[in-house]
Structures are given as structure tokens and as C-alpha cells.
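The following exercises ask you to read a fold, its helix packing and its charged side chains from the coordinates. Each task is followed by a solution that goes step by step.

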Amino acid sequence: MLGVVVLAVLMLVVWSVVTDSAHRSRSRTPVELPTAEAPPDPGVEPPTIRLLPSDAAVRSPDNRPQQQLAGWAASMSEELDIPRPALEAYGYAASALEVTRPKCGLSWSVLAGVAAVESRHGRHGGAELDRTGRTSEPIRGLPLDGRDGVMLIRDTDNGKLDGDLVFDRAVGPFQFIPTTWKEWGTDADGDGVADPDDIDDAAMAAGHYLCASGGDLRDADRFWEALLDYNASRSYGQDVLDHADYYGRKSRRLSARR
């Protein structure tokens with residue numbers, strides 16, 4: 001497992017360095033966000049919902065459990081520039097982890113911060129999220145071929161997840177590499193598949209990863225420990241933190257106006 005974590009950290013470092021300028025240039029979120037301190041503002045708390053049992057199968061987009069948060073997500077989706085299905089996924093994952101990992105203290109704003117930096121909430125390269133939380137176009141990182149400072153990771157999944165039979169690539173809105181997804185992947189929406197291209201599944205997997213890495217994320221040191229385990233780059237971590245705090249604070253301002 002340690003090897004998987006290290007591999008994921010190195011991959012995410014590479015991906016964030018390569019794509020950071022593209023993420024920023026396409027975002028409506030202010031380029032120069034105020035520098036935040038850990039932990040970030042947790043934002044407006046999602047309403048109480050019914051969580052999907054771990055062994056349940058919904059298997060229908062119309063019964064997607066994340067849709068319980070449709071009203072909550074719709075109230076701030078446009079102002080935050082976060083697609084509604086993405087906000088639903090973040091809120092649901094945070095609510096689920098509050099039950100299964102109550103000592104973690106992971107907020108939806110943290111997941112939003114990670115996804116903002118990794119893929120603009122599933123919109124990198126012109127992709128869009130459909131109502132089920134899947135990207136319209138595959139989001140794939142560069143081939144890990146060892147060139148130009150990129151680490152070398154030869155294919156580990158026979159191209160099943162990343163479509164590359166020669167080298168591994170990061171996959172989906174949260175940019176998991178195949179070996180890491182094998183360890184942390186989960187079916188969060190009950191459609192019968194643990195899919196890194198599905199933001200419901202990816203958000204839940206990222207949440208479990210962060211909680212396992214850091215422990216109580218309400219503690220500043222633990223929060224940084226989790227982020228630096230997810231990606232061993234202080235600048236990446238600060239970017240995630242700044243976005244998370246921005247989303248949390250703005251969601252509270254929006255709520256106060258209503």
C-alpha cells in the first residue's frame with residue numbers, strides 16, 4: 001500500500017505541474033485568490049440526507065443518491081462556478097464520511113478545492129459533466145513515459161482505465177492513476193461500477209484517501225499532512241487550500257443573503 005501511495009503522490013505532482021496553467025486560464029474563479037490558512041472554511045453544511053448502504057445497488061441515474069443534494073447544490077452552483085453534479089458529489093461524500101469516518105472532519109469545500117485544481121470540476125479540456133456526474137470526454141494525464149522530467153510508470157492495467165497499453169496515465173476529475181484507483185476506488189452512486197471518470201465515485205475515493213492520510217483534517221498540521229500525501233507539492237497544497245477556503249467562505253455569504 002505504501003508503494004501505491006508514493007506512486008500516487010509522484011503522479012499527482014507531475015500532473016499538477018503540467019496542467020496548472022490550463023486550469024487557471026479556463027476558470028472563472030479569481031486567478032489570485034487570497035492566501036488562506038489551514039484548515040479552510042468548511043462552507044455551508046449540506047442538509048441531512050439518507051446515505052446509500054455500502055452493499056446497495058441503485059443502478060439508475062434517476063435514483064442517484066447524490067441527487068438528494070440537488071437543491072443545496074443548485075443554490076450556489078452558478079455563483080461558485082461548480083457544476084451541480086460536482087457539488088452534489090462533494091456534499092454527499094463529505095456527509096458519508098462524517099458517518100463512516102467521524103474523526104476525519106473532511107468538508108465538501110476541501111474536495112471542491114482538490115477537484116478545482118485537478119480538473120476544474122471535470123471540465124478540463126472542454127469536458128462537461130452530465131447529470132450522472134460523468135465527464136463528456138475522458139480526462140487523461142500525460143503518458144508517464146519518463147521524458148521531460150515526467151516519471152516512468154509502465155502500463156499496470158492493460159489500458160483498461162487510461163486507454164494506454166504502454167504507459168500509465170492519470171484518470172478522471174480527481175486524476176487517479178490506475179494502481180491508486182485499484183486501492184481506493186469505490187462505487188459511491190450504486191450503479192455497480194467503481195469508475196474514476198464518475199465524479200461521484202472519484203470524490204468519495206479522494207475523501208477516503210485524504211482521511212486515511214491525515215486523520216483529523218480540522219487540525220492544521222493534519223490537514224497539510226493529508227494534502228502533501230495526496231501531492232507532495234507545497235504550492236499545489238496551497239492552491240487547493242485557497243480554492244477550498246474561497247468556496248467555503250463564498251457559500252456562507254450566498255447563504256446569508258437568502
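Predicted model: local features only at pLDDT ≥ 70, side-chain atom pairs only at ≥ 80, totals over all residues.

**Exercise 1. State how many helices and strands the protein has, and what share of its residues is buried.**

The protein has nine helices and zero strands, so that the order of elements from the N terminus reads α-α-α-α-α-α-α-α-α. Of its 258 residues, 56% count as buried. Among contacts with a separation of 6 or more, 67% come from residues 24 or more positions apart.

**Exercise 2. Describe how α5 packs against α9, and locate Val-110 in that picture.**

Begin with the geometry: helix α5 (residues 108-119) and α9 pack at an angle of about 130°, and their axes are 7 Å apart, the axes being lines fitted to C-alpha atoms, for helices over the stretch in contact, with angles that run from 0 to 180 degrees between N-to-C directions. That makes α5 oblique to α9, since angles under 35 degrees count as roughly parallel, over 145 as roughly antiparallel, 65 to 115 as roughly perpendicular and the rest as oblique. The crossing is right-handed, a term used if the near helix is turned clockwise from the far one by less than a right angle, left-handed being the anticlockwise case. Among the residues that make the contact are Val-110, Gly-113 and Val-117 of α5 and Val-240, Ala-244 and Gly-248 of α9.

Then turn to Val-110, whose place is in helix α5 and which is buried, with a relative accessible area of 5%. Beyond its neighbours within four places in sequence, Val-110 is in contact with Pro-40, Leu-210, Phe-223, Val-240 and Ala-244. The C-alpha atoms of Val-110 and Leu-241 are 7.2 Å apart, although 131 residues separate the two in sequence.

**Exercise 3. Find which residues pair with Asp-81 in salt bridges, and say where the partners lie.**

Side chains of opposite charge can pair when their charged atoms come close. A search of the whole structure finds 11 salt bridges, each defined by a side-chain nitrogen of Lys or Arg within 4 Å of a carboxyl oxygen of Asp or Glu.

One of them joins Arg-120 and Asp-81, at 3.7 Å from N to O. Arg-120 lies in the loop between α5 and α6 (178-184) and Asp-81 in the loop between α3 (77-80) and α4 (84-100), so the pair ties together parts that are 39 residues apart in sequence. Arg-120 counts as buried at 11% relative accessibility, and Asp-81 is buried as well, at 10%.

Arg-123 also forms a salt bridge with Asp-81, with the closest N and O atoms 3.0 Å apart. Because Arg-123 lies in the loop between α5 and α6, this pair ties together parts that are 42 residues apart in sequence. Both Arg-123 and Asp-81 are buried.

**Exercise 4. Identify the nearest side chain of opposite charge to Lys-250.**

Lys-250 lies in helix α9 (residues 234-257) and is buried, yet has no salt bridge. With Lys and Arg counted as positive, Asp and Glu as negative, and His and the chain ends not counted, the nearest side chain of opposite charge is Glu-79, 7.3 Å away. Apart from neighbours within four places in sequence, Lys-250 is in contact with Glu-79 and Leu-80.

Terms used. Residues numbered from 1 in each chain as written. Heavy atoms only, no water. Helix = DSSP H or I, 4+ residues; strand = E, 2+ residues; numbered from the N terminus. Buried < 20%, exposed > 50% of the residue type's maximum accessible area, 1.4 Å probe, protein only. Contact = heavy atoms within 4.5 Å.
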